[in-house]
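Colleague: I would like to learn how to read a structure such as this one. Please take me through it feature by feature.

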Amino acid sequence: MADHSNHAHGHNEAHAHGSVKSYVIGFVLSIILTIIPLVVVLNHMLSEIPTILVIMITAVLQFAVQLFFFMHVRERQGNQPRWNVMALIFGLAIVLVVVSGSVWIMAYNGVGY
Amino acid sequence: MLENIKEFASEFFVTGDPLIYGADVSIALVTIAIVAGLTYFKKWKWLWRNWLTTVDHKKIGIMYILAAIIMMFRGGVDALMMRTQLAIPNFEFLHPEHYNQVFTTHGVVMILFMAMPFMFGLFNVVVPLQIGARDVAFPFLNSLSFWLFFLGAMLFNLSFVIGGSPDAGWLSYPPLSELQFNPGPGQNFYIWGIQISGIGSLATGINFLVTIIKMRAPGMTMMKMPMFTWSVFATCVIIIFAFPILTVTLALLFLDRFGGGHFFTLDGGGNPMMYINLIWMWGHPEVYIVILPAFGIFSEIVSVFSRKKLFGYTSMVFAMMIIAFVSFFTWAHHFFTMGSGADVNAFFAISTMLIAIPTGVKIFNWLFTMYRGRIRFDLPMLWTVAFIPAFIVGGMTGVLLAVAPADFQYHNSYFLIAHFHQVLIGGVVFGYFAGMYYWWPKMFGFKLNETLGRWSFWFWNIGFYVCFMPQYLLGLMGMTRRVSTFDWDTGWGPLNVVSTVGAYLMGIAFVFQAIQIAYSFKYREKDTTGDIWDAHTLEWTIPSPAPEYNFAITPVVDSRDPLWVEKQRRAAGKLPKKDAKPKYEPIHMPSNSGIPIVFSTFFFIAGFGFTFHWVWMAVLGLAGVLACMVVRSMNDDEGFYIPAEEVEKTEASLRGTL
């Protein structure tokens, strides 16, 4: 504990940052998930609602890929709390508040006129 | 040719006002004096080596605080100009256009370029020392944050003499801030000044969150952290989630102005209300960002100067984290009158009132800490005691404002002005002053003069109430904010005169503080103990000012007030009078770097280019930014080691042993 907790920028922390294999898989997956909506939109393959659905679903999957393959959301150090997961959940909560709050506030706009 | 230059200069520089010409002259004289002084005393190299390129958190903290005090002067002069203009009905001191610029810059400077850097300065000076760390988690990034803030602030301040100041209010609401109604460069200065310093703020938030999570001394669990560190933790969480919203909002406004976008315009599908909604999503958490560290400072001071442990530590932590969380649910109370309907307003009114509960918990904890304590009224404690009534009144008027139906009366009146100045001066400014007086000996190794400090304290406090109490009444009498003048028959005259007198009393108080700093520096008495206040936490276990490596030996912590417990154990004879000679080891330190200041200068150039729509200059600046990133990525500098013998020698000379 003591040896690396005070190390401003040490490289001696013994946890893996993922392997080449996992990075390649993540990279390929994220490219595929980017290409799918691109192809769908450019070729007008679907009508409006399904197109939006495809974009949103691939976006959410993209988000998951980024988290698991590049953001190391599964990692933790020793018996430390899962800071990554806590930050993620808090962040999602804030995003939810920002988006739904804005929609709510703006949708009711004009009642006062 | 000459005609062209003349024409350009008359557009480029701000002209036509004797006040501005006076400022031009004084800025030029000060700059010449600084450059000449540095050259004459051959201090350029010293300045570059010791300050401009430093990655030492203590020096960066001092630079932040210095910048904050300079900005407080600028914002204060703005305030006095406004109060002078409002002293007498129909007074013709400032033109309405100039008045608009002055209240805009006053707000921006005071919040973003005074309160924020003052806060970051205290973070930098205190947090690593308080948790027993040698530096922050990312020392290079820390220096980068400072220079981005500083050059962002300078870009904003440049608008005073070049191009013209922004004049659409401190939050720059569209449609007034859109190109159509505000074609000059002032708004661009606003956007880029804040964007550039905002990157720095975000980086600081991340830096200190990581520092607190990863670099605490062995044995210091989260629930053994000093309260100031807890407050910084809460603040950093808010910064990380709130500042991106500001960045995006201002970026969209910039796209409107620069790229012909229609996010917030009146036509083309835009909606200016969306800007107001978005900016307050940052703006409201922002006020908690600046107040929470003040709460932390008061918690430290109240326990040290009452010679007691902090009452209700756990409830303090919970209160702070609840405030941090709920702060994201209250933003709409800034625009109850926008017309979002009863359910929206009811929700945000209730969430706003809820914040008063944890805040009240904190107030009671401070009072109970003082209860039956042996209180010493040194300067830090004096400010803390003054804070409590000021903040209670400010908080209660805040709850009044949170009552949505009533807010239709208070909205944008002087009642609101009085309320937020009461919490921002009575809470934030008093808090940071308390922190400055408390940690000053740790920064510089001497105490600030007590007598002059008391003069300043009383001028500040009396001036504060004389200035803002009449404004509550003025608000109820119907005076709205941002009016540049008013008529005799409004009946607002007498109270406005009183308010102006109060503002000048605070101006005198600031002069006293400036004299206090100069006087204390000249007649300083070196503090040899390192623990001048008989304090409780780790930062006072090391000499003042702290050596560059902070702790020669990493401390091990087993309680919330490690130093106090140690002193008690020593007094009880449970610990030897003098420790055995410690075994020093080489200490790994990060190297200085000139990249942050160069990087930020390029950002400044890019911002200036965007401000004047000079694309070549913006591209040049951004290319420089990119180049700096590449250089930094190629840098393999792993820092250096201070040898054990040198640590031993430094410690011996600082502690006066051997």
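Colleague: How does one describe two packed helices?

Modeller: Two packed helices are described by the angle between their axes and the distance between the axes. In this predicted model, take helix α2 (residues 20-42) of chain A and helix α3 (residues 48-70) of chain A: their axes come within 9 Å and cross at roughly 170 degrees. The axes are lines fitted to C-alpha atoms, for helices over the stretch in contact, and angles run from 0 to 180 degrees between N-to-C directions. Helices here are DSSP runs of H or I with at least four residues, strands are runs of E with at least two, and both are numbered from the N terminus.

Colleague: Which word describes α2(A) relative to α3(A)?

Modeller: Angles under 35 degrees count as roughly parallel, over 145 as roughly antiparallel, 65 to 115 as roughly perpendicular and the rest as oblique. The crossing angle therefore makes α2(A) roughly antiparallel to α3(A).

Colleague: Which residues make the contact?

Modeller: Two residues are in contact if their C-beta atoms, placed from the backbone, lie within 7 Å. On α2(A) the contact residues include Ile25(A), Leu29(A), Leu33(A) and Ile36(A), and on α3(A) they include Val54(A), Leu61(A), Val65(A) and Phe69(A). By class, this contact has 14 nonpolar, seven polar and no charged residues. Ala, Val, Leu, Ile, Met, Phe, Trp, Tyr, Cys and Pro count as nonpolar, Asp, Glu, Lys and Arg as charged, and the others, Gly among them, as polar.

Colleague: How are residues and chains labelled, and what limits apply to a predicted model?

Modeller: Residues are numbered from 1 along each chain as its sequence is written, while chains are lettered from A and ligands numbered from 1 in the order in which they are written. In this predicted model local features need pLDDT of at least 70 and side-chain atom pairs count only at pLDDT 80 or more, but totals for chains, interfaces and linings use all residues.

Colleague: What is the pLDDT of chain A?

Modeller: pLDDT is the predictor's confidence in each residue, from 0 to 100. Chain A averages 80, and 80% of its residues score at least 70. Where pLDDT is low, the predicted coordinates should not be read in detail.

Colleague: How many helices and strands does chain A have, and what share of it is buried?

Modeller: Chain A has four helices and zero strands. A residue is buried if 20 or more other C-beta atoms, placed from the backbone, lie within 10 Å of its own, exposed if 12 or fewer, and partly exposed in between. Of the 113 residues of chain A, 5% count as buried.

Colleague: Where in chain B is there a positive phi on a residue that is not a glycine?

Modeller: Arg372(B) has a positive phi of about 60 degrees and lies in the loop between α11 (342-370) and α12 (379-402) of chain B. Arg372(B) is exposed, with 9 other C-beta atoms within 10 Å. Arg482(B) has a positive phi of about 70 degrees and counts as partly exposed, with 13 C-beta neighbours inside 10 Å.

Colleague: Which bond joins Ser544(B) and Pro545(B)?

Modeller: A cis peptide bond joins them, with omega about -15 degrees. Pro545(B) sits in the loop between α16 (493-522) and α17 (562-571) of chain B.
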